[in-house]
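User: Hi! I'm new to reading protein models and would like to go through one with you. Could you take my questions as they come?

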Amino acid sequence: MVMKKNIQESAINKNPGKESAFQESAFQESARRTKGLLKHQMMHQIKHQLQPHKRIGYLKTFLLLLLALLIIMPLALLFSSSLKDDRFQITAELGSLKAFFVTNPSFNNYIEILGPQAPVPMARFFLNSCIVMAGTVAGTLLVSTMTAYALLRGKFRFKRVIMTGIIALYIIPAEAIMLPLLFLSVKIHLTDTYIIQMLPFMASPIYIFLFHQFFKEIPASIAESAQIEGASFWKIFHLVYVPLNVPALVTVTILQGMESWNQYLWPLLVVRSENVRPMTVAIASFFSTSDIYWDRLFAASVVMMMPILVLYLVFQKYFIASIASSAVKV
Amino acid sequence: MRKEPKNKLSRFSLLESFQELGMLTPALILLALFVMTPFIMSIPLSFTNQKLFPSPIPVKLIGLRNYRQILSDGEFWQAIKNVFLFTLMILPTQCGFALLAACFLNKQAIMKKTLRAMFFLPFITPMVIVTVIWATIYKYPTGLLNSFVQTVIPRFQMIDWLGNRHTALTAIVFLSAWQAYGFQMVIYLAGLQNIPEELYEAAAIDGAGGWKRFAYVTWPSLKNTTIFVLTITTIQALKLFTQVNILTHGGPLGSTNTLVHYMYEAGFIGQKIGYSAASSILMFLLVFTVVLAQRLLLKRMED
Amino acid sequence: MGKRILMALAMIIAVGSLVFAGSQGETQTDARKITFMYQGTDQFQASYKAAVERFTAATGIGVEMRYAPHDMYHEQLAAAIAGDDLADVVQLDGPFLSSLAWGGVLVPVEAYIDQNLLADMTASNVVQCTYPPDGKLYAMGHIDSTVLLYANKSYLEKIGARIPTSVEDAWTLEEFDAYLAALAKLPEVAYPLDIMRAYGVKSEWGTYGFYTAFISGGGGIMDRENWKADGMLNSPETIAVARKFQEWADKGWLVPASAGANMVFNEQRSAAMAWCGNWYWAGAYPSMGDDLIALPLPDFGNGVYTPNASWIFGITKDADKEAAGQFLSYMLQDQAFIDDMIKTGEFPGLKSWAARDPLYSTDMKIAAEQAAYAIARPPHPAYPTITSAFMKAFANILDGADVEDELNDAAAEIDEDILDNDGYPPFGK
């Protein structure tokens, strides 16, 4: 912890003299100048100028709220339908304005899929999805931050080529490699496990690329000064780069979490027993070719969406928390 | 982006390089095992007549026959045209709206959490459900969209949005943008957090208004984020599949067929593994060229 | 912060792998045991599970159940074959029987199945389980399916249509065409016919729902003598039937895909008839009641032919065949199991079940009767190619493409695939 403080302090101290990662702009120039010159009162005035006027703020909020309501209108359809007990009523009303209204709301659909009477152990599937999600996210964060950092600040050659190669791998559509991968997993006896549902997604080209772009924002000078202090490559990574990129970490947690949560095709191929079956696969069975159980499907979708929403709400405060640390970066 | 400074201070120690490699290897192993190997396995397959189920007669090498068949198939070229059209339409729609929403939500003080959650909701809706909901909106003749347009313009002739080959792809664009802009929005929000407050203060001192602040501070500072968003969105768009597979199966008359759907149809419905492998390799080469070109272009803009 | 995140991650991984390790420990040690690979909805899974438990209790033979979801079932099956991890009893979709029998995955089952059960199979059920080159049964089924016309009775009365009461007096094409025209003129009717375009014409429904119409018109997909598509799929008879469907689509008589699959029984009742599988009844009856009637498919000129097949059970080459046969004989004659099928409205593939089924012996009697008119989808190892080529062509034809071009292309695609595989011997000999 002491080490961390030292590095960050030295980063701030050494920084103004060095080049910054940004293209020098006029604003940055003046930012540096004013920092020392400005009196308290002047700062206050500017702060005031930056804050939008209160009445404009309310108007903006109102407009944003209106837009948000318009955007989530289709989801109101989903929610109201999940409260209708009769699946034939749902299909009959879908497509007219009646779809938005519920005359006699009932939680039967939710009870049917989650309650003790459910024909399949949905609670178990829910737990399985949670385990797979947690594992995948944890692995992804660890693997992709390390890779991105090594590819940005490592001193070996062909870094840019490797990065482009990794992005190229993202092009390969999952549908193209799924069958060979399935045959492979059957051969190495990894089917029907949690591990096989997590491993293929941990080294995600897209999140390696994302961390790469965000790490770029941290001036190389910080790493350099830390190095003078005697910090190793690994130490600089997890004491400077990781803590300075909480917004990116949170973003990847949410995005990868939701991707893993909604994985469908892959678990469909490698999962057999109920022990490790995720919710998506279980829900798909409401969709048999001849008969669609709309009532349960809609309720299950709402249930499916909740954990990701909670994940988002819990983690989004770190978007704000990181503002304090951003000052270090100039 | 300027060049990395030549670092005279650090000596290239054994421990350092060991750490660097140690951090790189897990990803490389995973990628090699789960992405590269299966893809490379499909290269030899693409020269055979391999099927999904076993055959009592041996699998034959048929040379370039699969490739020739694909390249002479009008549907393949139509699929290429469709995905490029789709990409051109969705890039500005989705990324533009995501950036706009992120900018407004970033500084929002009132109801911050609620608003952000609402804007994020479409993205966490499972695609199966998204398609079900939008199918009812696009429904013909009695769907919500048709009824709405008819209320505004009484003489409007109702359109079968997904069943008409002139409107189907555009309909898919809007549905996709609605579902996925949350992805770009979250990334832009994270990017916005990285812009130091001092830059805005300095801009305010120089008397820059809202628009100027955006043009001279926000936009340049989001450069790395934007490069990421554009690259990823392009690849995602060129890989379009799920929506099409559920809603239109590539129809009507191939107007929403995509490269991945073409490959999927051959492999998973026609069970022609060899043919499907050949088309996935062609698709990879094509998209890789596009991404490489885009990357070089963005690199030039960066310098 | 960073450190704490990393710590939390390590914890999660540790807990995850513990749970993972725990789930591995559950193994059974039965003296005699077979494996059973299956698919189906929640209710089906529950029924299979219960039947398996009863079987084990009665015989002492254990059954390890391997569920594979419907959407990726064949892929999982192929992976199991390639990985030498095949179950003893596997469920499969009827039209893929030839593919698997030809590939040597399945073995003839007759010797291992109880005689009473064999005698109880309906004609249509026997058809779906038979491999044509040797005429032997390679699978056992209890469920079957068929396609019917469902009509709004009061609309038919309004136009004075003749209402057939048996498959024998099914409508002729001329009658059907004339009734569609008359129904189109009724003010309440927006669309005279729903052919379930909402299912997506490429979701096997495109082949399953319509191949018999072409056979009934004197054409078809494959010539079942020389196993070629050219000369049959693009024959004048096939083209004529395809033109008829296209004409109906052009006139706006068919419910469009985006309108949904409920136009006959939703509140407006804006479609007059539906061309759909036996499952349609369960959806439409609750809202329409006795206004809903089931009719045989129309005769396109060459007699009535009807689709069949559902998910059936095969015994694999390396299986404990006696035990597997014992299991199938037990489960398919287990009346509690059959009761579950009746409850979900499945279409009977067994005569004894059809006789006691409250639906198929009354309102849907015509469906049971149609089982005698069933003809299988082309029972050929090239079926995956056949169905994908045909579905695409049929979808494009309904969307207005040139009929002859589409059918010629599809025929060429099918024949090319057969040529690529040396004609799939012993077929075409």
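User: What percentage of the 303 residues of chain B count as buried?

Analyst: Buried means under 20% relative accessible area, exposed over 50%, and partly exposed in between, using a 1.4 Å probe and protein chains only. Keep in mind that this is a predicted model, where local features need pLDDT of at least 70, side-chain atom pairs count only at pLDDT 80 or more, and totals for chains, interfaces and linings use all residues. Residues are numbered from 1 along each chain as written, chains are lettered from A in the order written, and side-chain values use heavy atoms, leaving out hydrogens and water. For chain B, with its 303 residues, the buried share is 59%.

User: Which residue of chain B is joined to B:G251 by a cis peptide bond?

Analyst: Most peptide bonds are trans. This cis one has an omega of about -15 degrees. Look in the loop between helix 11 (242–247) and helix 12 (259–269) of chain B. The partner sitting there is B:P252.

User: Over to chain C: how far apart are the end C-alpha atoms of helix 18?

Analyst: The expected span is 1.5 Å times one less than the number of residues. Helix 18 of chain C (residues 403–420) has 18 residues, so it should span 26 Å. The model agrees, with the end C-alpha atoms apart by 26 Å.

User: Is C:Y424 buried or exposed?

Analyst: C:Y424 is in the segment after helix 18 of chain C. Its phi is positive, about 45 degrees, although it is not a glycine. Most residues other than glycine have a negative phi. Because its relative accessibility is 2%, C:Y424 counts as buried.

Methods. Helices (H or I, at least four residues) and strands (E, at least two) are DSSP runs, numbered from the N terminus.
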